[in-house]
Amino acid sequence: MSAATAPSAAPGRRALAVLVLIPVVAALVLAVFAWPAARIAPRDLPIGVAGPAAAADAVERKLGEHDGAFEIHRYADAAAARAAIEDRDVYGAVVVTPGGTELLTASAGSPVVAGLLRDAVAGQAPPGAQVTVTDVVAAPAGDPRGAVLGASLLPLALVGAATGVVTVLLGLGGGRAAAVLTGASALAGLVGAALADSWLGALTGTWWAEAGVLGLTVLAIGSVFAGLATLLGKPGFGLGAALTILLGNAFSGMTSAPELLPTGVGALGQLLPPGAAGSALRSVSAFDGAAAGRPVLVLALWAAAGLAATALGARRRRPDAAPAPERVPAPATAG
C-alpha cells in the first residue's frame, strides 16, 4: 500500500469498527434490560401466614407447592401480620380465620407482587370459597400502578450522570468538586420532590425525607461518574454508565420487585444506586421510613466513595509545582 492511499484506509477501518460495534452494544443493552423482564417470577418472595396452627399449616403446604417461590413467615394473628407488612418484612400475608381466608397485601410495596399474591391465593382456595383482599398499605392515588415511581429511576440516573460529567468537564476537583456535586444534588432532590410529591402525587410520605433520598441518589450517581472519570479519564464515564444507568436500572426491580428477578440479579441491583434508591423511595413514601436504613446506607457509601475518588484523582493529576528559575548573575560591567 502506498503512502498516498494509507490515510484513506484509516477512516474505512473506523467505519467498519462502528458497524460491528453498534450491533454488539445494541444486543448487550437489550439483553441486560429484556432478560430480567422476561424471567419475572417469585423467588423466595417473603410472605406471611397467620391463623390457627392446623389451618396455617395447610396454607403453608399449598404455597410450598410453588417450589422456591415463597419464603414463608408465620405470625400469631392478623395484627402481627399487618405489622410485618408495614415494617416491610413481608410483601403480604394470608390470614386464616373461622370466617374464611383474608389476603393482606401492600400495593405500595409493589403492585405487581400484590396482583401475583391475589392470583396465587385465589387459585389455591377451594371452589366457591371467598377470599377477602385487604390492601394494608395502598399505592398512592396519584400512582396506583407504580408507573411514575418505576419510571423515575432512569431520569434520576441521567441527572446524576450529567452532574458528574459537567463537574469533570469544567475541570473542578477537590473541595470545589465536592461542593458543586453536593449542592447540585440537593437542588435536584428538592425539584424532584416538588414534582413527584407536590405535583404528581406519586410520593405521599414526608416531603423532606423524599427530597433527601432523591438528592442522595443524584449525589451517589454523580460522584461515581466524577470519581471514575477523574481516576481513569474517559473510560471512567463508560464504567460509570455501565454501573448506574445500564446494570443499575435493569437490575433495580423497581417495576416489579427484586425477588421477582432472576436469582442473584435482584440482590445485585439493591447494591447499586438505582436499586437502593427505589427501595429507599418506597420506604419513605409509603412506609414511614421502614426498612430504609440499608438502601440509604448503600447510597451514602457510593456517594462517599465517589467523592473520595474525585479528590484522589484530582490530587494525582495535579501537576507538580514548577521549579523556581535559576538566577543568572548579571555580567560584570567595566568600571
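Visitor: Is S252 buried or exposed?

Guide: Happy to start there, with the reminder that this is a predicted model. S252 sits in the loop between α9 (234-250) and α10 (265-269). Its relative accessible area is 5%, and buried means under 20%. Because of that value, S252 counts as buried.

Visitor: Which residue has its backbone oxygen 3.0 Å from a polar atom of the side chain of S252?

Guide: Let's look around that serine. Leaving aside residues up to four places away in sequence, S252 touches L153, P258, Q270, P274 and G275. The backbone oxygen at 3.0 Å from a polar atom of the S252 side chain belongs to N249.

Visitor: Does S198 count as buried or exposed, and what is the value?

Guide: S198 lies in helix α7, residues 174-199. Not counting residues up to four places away in sequence, S198 touches A193 and W207. The cut-off for exposed is over 50% relative accessible area. S198 therefore counts as exposed, at 53%.

Visitor: How many Å apart in space are S198 and R88, C-alpha to C-alpha?

Guide: S198 belongs to helix α7, while R88 is placed in the loop between α3 (78-86) and β3 (93-97). In sequence, 110 residues separate S198 and R88. In space, their C-alpha to C-alpha distance is 25 Å.

Visitor: What is the phi of R88 near?

Guide: R88 is partly exposed, with a relative accessible area of 23%. R88 is a residue other than glycine, yet its phi is positive. The value is near 65 degrees.

Visitor: Where does A291 lie, and what is its phi?

Guide: A291 lies in the loop between α11 (273-286) and α12 (293-317). With a relative accessible area of 47%, A291 is partly exposed. A291 is not a glycine, but its phi is positive, at about 65 degrees.

Visitor: Why is the chain described as more spread out than a compact globule?

Guide: The chain has twelve helices and five strands. For 335 residues the globule rule gives 20 Å, and the chain is well over that, so it is more spread out than a compact globule; its radius of gyration is 27 Å. Along the principal axes, the C-alpha atoms fill a box of roughly 120 × 55 × 35 Å.

Visitor: What share of the contacts with a separation of 6 or more comes from residues 24 or more positions apart?

Guide: As background, 41% of the 335 residues count as buried. Among contacts in the chain with a separation of 6 or more, residues 24 or more positions apart account for 70%.

Conventions. Residues numbered from 1 in each chain as written. Predicted model: local features only at pLDDT ≥ 70, side-chain atom pairs only at ≥ 80, totals over all residues. Heavy atoms only, no water. Helix = DSSP H or I, 4+ residues; strand = E, 2+ residues; numbered from the N terminus. Rg over C-alpha atoms; globule rule 2.2 N^0.38 Å. Buried < 20%, exposed > 50% of the residue type's maximum accessible area, 1.4 Å probe, protein only. Contact = heavy atoms within 4.5 Å. Polar contact = N/O pair within 3.5 Å; in protein donor to acceptor, adjacent residues only side chain to side chain.
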